[in-house]
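Please keep the sequence and the three-dimensional view at hand while reading.

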Amino acid sequence: MENFISGFPGCEFQIRAALAEVIGEKKSEYFFDKFLEYFFAEPDAAFFKSLGLNCIRIAISYRHFEDDLHPRVLKPEGFKHLDRAIAACAKHGIYTILDMHTAPGGQNGGWHSDHGAHISGFWIHKDFQDRLVWLWREVAKHYKDEKWIAGYNPVNEPADPAHSGLVTFYDRVHAAIRSVDPNHALFLDGNTFASDFSGFPDDAGTRWPNAAYAIHDYSLYGFPSSPEPYTRTEEQRRRMRRSYEKKREWMDARGLCVWNGEWGPVYARREYEGDEMDVINETRFAVLSDQLEMYWQDRLSWSIWLYKDIGYQGMVHVSRSTPYMQLLREHLYKKYRLAVDAWGADDRFVRDVYTPLLELVRAEVPDEDHQRLYPYPIWTLPRRVEVLARNILVGEFMIREWAEHFRGMDEAQLDRVAQSFKFENCVEREGLNRVLRAQAGQSASN
Ligand SMILES: O[C@@H]1[C@@H](O)[C@H](O[C@@H]2CO[C@@H](O[C@@H]3CO[C@@H](O)[C@H](O)[C@H]3O)[C@H](O)[C@H]2O)OC[C@H]1O
């Protein structure tokens, strides 16, 4: 679960703790269990397949399987929802790729690795790495004979400042998985948010056989921070292609298999952007379509980010009229206004608050080299300030407020709220699905 996907501020572990504080451990567990049950069920798989798509990447968290206070003790219910989702997909002829989206200690400094900080502990503490290697062996043991799993994506968007730690981790996780499962493919993300393979070994092809290399190809034209509106000029298309080609260069030079594990624009919302919404979104669909065209020319397989959310990026989103969206309407607007979700945030209402902070750093640390802290250039100075000051700090102060909305609810009420995420209570993002469907049709007829 992520803040902009599910509507809470901060990270998943923080909202789980906050809800438990407000309504008690048992009811909180009940709510999140129901949430996961409704978030992806058979009607979702049927819809996904109806678009002509045949593979879905499922983001999982190490926290589903083990507890930081009881490391290396497999939770009895750990595989419950994953088994169910894989079975639903299999029934509809959809392959799954298991993506470890959060690693103990955090494999990058983003909110999505669910550790609440901007420094990644995973690369600093060997024990965190040992735990993930252990966990992957357990996961691979569990799924070794599951033919509807296309493969394992051992870690989402690693950001290892030294680069060599990632290679060592891939050596170890490869050996651990292969010791129990010789068959499933591995999908290995590049370093620094799946963008940089320069630290990978030249013998990768033989060292990690049966592997694909994953890039994440977000085009800057698909986001509110785009330097200019995307009007499909030759120059814009050239930049879009160049940015994508740069990410896959290393694999192309070695004849290795590339997979685009994440990509896709974000969308404007009527309740926030008003009448500008349609124009903005048509532009975003154009970005989407041009990216797909590029991938099609190269016969590149991809997995779009993302399938379901509360209305920012998903192929389907929870309807505004559901109990969850009604309950949190004001809170969600406040999150938007304060730009506390780092992903694709529009900071227009709070820019003046953070500008002095940026200016202070620029004035007091004038050496630009000293401002370029890893993961530069993905995290520039402004990006770092956004992540730390807005997403982590202000976001943290809003967590309790999110949880308070549930105070006094009994299980029946919690279930009703969680049901908002059922496919039946979601709305399709038609423009997006139209483009995907057309592309899937093209692939099928070739
Ligand atoms: O969970 C996902 C998460 O995986 C995703 O992470 C972001 C991916 O993009 C990163 O920046 C891009 C790096 O490549 C450049 O070419 C693009 O222009 C950048 O946008 C970003 O730092 C990651 O946090 O984000 C969405 C989450 O839901």
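Helices (H or I, at least four residues) and strands (E, at least two) are DSSP runs, numbered from the N terminus.

The model is predicted: local features need pLDDT of at least 70, side-chain atom pairs count only at pLDDT 80 or more, and totals for chains, interfaces and linings use all residues. Residues are numbered from 1 along each chain as its sequence is written, and side-chain values use heavy atoms, with hydrogens and water left out.

The buried residues of helix 19 are Gly431, Leu432, Asn433, Val435, Leu436, Gln439 and Ala440. Here buried means under 20% relative accessible area, exposed means over 50%, and partly exposed lies in between (1.4 Å probe, protein chains only). The cover over these residues of helix 19 includes helix 4, helix 12 (276-297), strand 7 (301-302) and strand 10 (426-428).

Thr96, in strand 2 (residues 95-102), is buried, with a relative accessible area of 1%. Apart from neighbours within four places in sequence, Thr96 is in contact (heavy atoms within 4.5 Å) with residues that include Ile56, Ile58, Trp148 and Gly151. His331 belongs to helix 14 (residues 329-338) and is buried, with a relative accessible area of 1%. With neighbours within four places in sequence again left aside, the contacts of His331 are Gly7, Pro9, Met398, Glu401, Trp402 and His405.

**Salt bridges**

Side chains of opposite charge can pair when their charged atoms come close. A salt bridge is counted when a side-chain nitrogen of Lys or Arg is within 4 Å of a carboxyl oxygen of Asp or Glu. By this rule the model has 41 salt bridges. The table gives three of these pairs.

| Pair | Closest N to O distance |
|---|---|
| Lys91 and Glu42 | 3.1 Å |
| Arg270 and Asp278 | 3.4 Å |

Glu21 is exposed at 56% relative accessible area, while Arg400 is partly exposed at 37%.

The salt bridge between Lys91 and Glu42 ties together parts that are 49 residues apart in sequence, because Lys91 lies in helix 5 (residues 80-91) and Glu42 in helix 4 (residues 42-50). Lys91 is exposed at 58% relative accessibility, and Glu42 is partly exposed at 32%.

Arg270 and Asp278 are both partly exposed, with relative accessibilities of 42% for Arg270 and 41% for Asp278. Elsewhere, salt bridges that share partners join Arg63, Glu66, Asp68, Asp114 and Arg131 into one network.

**The ligand site**

Which residues are closest to the ligand? Of the 14 residues that surround the ligand, the closest are Glu2, His101, Glu157, Glu262 and Trp305; a residue is included if one of its heavy atoms lies within 4 Å. A polar side-chain atom of Glu2 lies 2.5 Å from an oxygen atom of the ligand. For Lys247, a polar side-chain atom is 3.0 Å from a ligand oxygen atom, and for Glu262 the corresponding distance is 3.0 Å. Taken alone the ligand exposes 590 Å², of which the protein buries 86%; these areas come from the Shrake-Rupley method with a 1.4 Å probe.

**Backbone details**

A cis peptide bond joins Trp305 and Leu306, with omega about 15°. Leu306 is in the loop between strand 7 and strand 8 (308-309). The bond from Tyr374 to Pro375 is also cis, with omega near 5°, and Pro375 lies in the loop between helix 16 (368-371) and helix 17.

Phe193 has a positive phi of about 60° although it is not a glycine. Phe193 is found in helix 8 (residues 191-194) and is buried, with a relative accessible area of 11%. Asn210, another residue other than glycine, has a positive phi near 60°. Asn210 is placed in the loop between helix 9 (204-207) and strand 5 (211-216) and is partly exposed at 42% relative accessibility.

Terms used. A polar contact is a pair of N or O atoms within 3.5 Å; within protein, one must be able to donate a hydrogen and the other to accept it, and residues adjacent in sequence count only if both atoms are side-chain atoms.
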